[in-house]
Amino acid sequence: MIEMVVWIVLACVTAGTYLLRIGGLLLVRDGQVPQWLDSPLALLGPAAVTALVVSIIVPSGGGDGASLAAIGAIGVGFVVARRTGNLLYSLAAGLPSMWVLSAIGL
Amino acid sequence: MTACAESGLAAPYGPTRRAFAEGARDITPMVISVVPFALAIGATIGNTDLGVWAGIASAAGILAGAAQLTTVEMLDAGVAPFVIIASALIVNLRIALYSAGLAPWFAEQPTRRKLLLAVPIIDQMYFTCVPRFERGDLTPAGRVGYYAGAGSFLLASWIGAQALAISLGARLPEQLHLEIAAPLVLAGIVARSTATRSQQLAALIAGVLAFAGRDLPLQSGLLVAVVGAVGIVVVRDRRRASAAAEVG
């Protein structure tokens, strides 16, 4: 592995990500998010995080797909979070679900 | 102002130390969920040729698990630098939204402080801090205190867990499947932030599109999923709004 390239890539990803972080804070000056951003913003969070979850549990590159156990466990966590609004309960329900579902071979 | 708060009168409270502690306390569920993720990433890095210092630098610099994992795995696979950088930044694009969403809450802060406040912006911070801020009972200083408490606890745990895993070559016991903890909590975040039908629809469409586009180059499947889902729902909502206006 060529050391220099690694550091350059890391520096670029770090800098680029920081720009994404600081951009909104600097550009949105007054105490209001611009109106045209209002409804997309409300939708973007749920959309982005859902897409992220899918990308984490379903490997790309034609793997064997997400394990059913993972999907089931995440489903349990989702329902618990919906009912209770509590993320710790989600974890407490989802992890054991994962153990059980994996154990039975899903 | 402190006396007001302690007497129970509805006044915004400023004591930043209390807000700091509250922020740290409220981010705890998130910390619990990301530590296994951090350990898993650290162990993954330990399996590459990256080395301890590059590994820790990737953790402390990027401060975003999905993008960091993408970067590290692509570096190890010898993918072209431009492709790695583009993919990682596309994975992180949602961070710009969080930044825009947090901005009004820090509008009155000096620019120097904003430069620091920007550092820990990530899903877990946004979905913990914004609902808290929306309760409207924190002063600007209180918000900074809360945010700083949450952010420092989250970052310290994140970087610490990775540094530990990388340097010890730690392996998570596979049977525990702790790698599911972070997506589990993220799914819980979606469950809590989809109150309206439009939001539920946006999440569903994004999930389907993300699955369909998972093999697209440069991780652009994520971008297509988000832009597609939001676009479809915004158009649908506008149509319904104008249809309702016509009927009325």
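**Reading a predicted model: questions and answers**

Biologist: Why is Glu22(B) called buried?
Modeller: In this predicted model, Glu22(B) has a relative accessibility of 12%. Buried means under 20%, so at 12% Glu22(B) counts as buried.

Biologist: How do you know that Arg132(B) and Glu22(B) meet in a salt bridge?
Modeller: Their side chains come to 2.7 Å, N to O. The cut-off is 4 Å, and 2.7 Å is within 4 Å, so the pair qualifies.

Biologist: What makes this pair a tie between separate parts of the sequence?
Modeller: Arg132(B) sits in helix α9 (residues 123-134) of chain B, whereas Glu22(B) sits in helix α2 (residues 16-26) of chain B. The parts tied together are 110 residues apart in sequence.

Biologist: Is Arg132(B) buried or exposed, and how do you know?
Modeller: Arg132(B) has a relative accessibility of 3%. That is under 20%, so Arg132(B) counts as buried.

Biologist: Which other salt bridge does Arg132(B) form with Asp137(B), and at what distance?
Modeller: The side chains of Asp137(B) and Arg132(B) meet at 2.7 Å, N to O, again within 4 Å.

Biologist: Why is Asp137(B) called partly exposed?
Modeller: The relative accessibility of Asp137(B) is 24%. Buried needs under 20% and exposed needs over 50%, so 24% falls in between and Asp137(B) is partly exposed.

Biologist: What makes Glu22(B), Arg132(B) and Asp137(B) one network?
Modeller: Salt bridges that share partners join these residues. Arg132(B) pairs with Glu22(B) and with Asp137(B).

Biologist: How many salt bridges are there over all chains?
Modeller: By this rule the count is six. One of them joins the side chains of Glu108(B) and Arg143(B) at 3.5 Å, N to O. This pair links distant parts of the chain, 35 residues apart: Glu108(B) is in the loop between α7 and α8, and Arg143(B) is in helix α10 (residues 140-168) of chain B.

Biologist: Why is Ser99(B) called buried?
Modeller: Ser99(B), in helix α7 (residues 94-102) of chain B, has a relative accessible area of 0%. This is under 20%, so Ser99(B) is buried. Beyond residues up to four places away in sequence, Ser99(B) touches Ile121(B) and residues of chain A, among them Leu20(A), Gly24(A) and Leu25(A).

Biologist: And why is Ala11(A) called partly exposed?
Modeller: Ala11(A), in helix α1 (residues 3-27) of chain A, has 45% relative accessibility. That value lies between 20% and 50%, so Ala11(A) is partly exposed.

Biologist: Which residues have the most contacts inside the largest nonpolar core?
Modeller: The core has 101 residues, and those with the most contacts inside it include Leu25(A), Phe106(B) and Ile180(B). Its largest share, twelve residues, comes from helix α2 (residues 35-57) of chain A.

Biologist: Which residues is Ile180(B) in contact with, its sequence neighbours aside?
Modeller: Leaving out those within four places in sequence, Ile180(B) contacts Ile57(A), Ala70(A), Ile74(A), Leu95(A) and Met98(A).

Definitions and conventions: Residues are numbered from 1 along each chain as its sequence is written. Chains are lettered from A and ligands numbered from 1 in the order in which they are written. This is a predicted model: local features need pLDDT of at least 70, side-chain atom pairs count only at pLDDT 80 or more; totals for chains, interfaces and linings use all residues. Side-chain values use heavy atoms; hydrogens and water are left out. A nonpolar core is a set of buried Ala, Val, Leu, Ile, Met, Phe, Trp, Tyr and Cys residues joined through side-chain atoms within 4.5 Å. Buried means under 20% relative accessible area, exposed over 50%, partly exposed in between (1.4 Å probe, protein chains only). Helices (H or I, at least four residues) and strands (E, at least two) are DSSP runs, numbered from the N terminus. Contact means heavy atoms within 4.5 Å.
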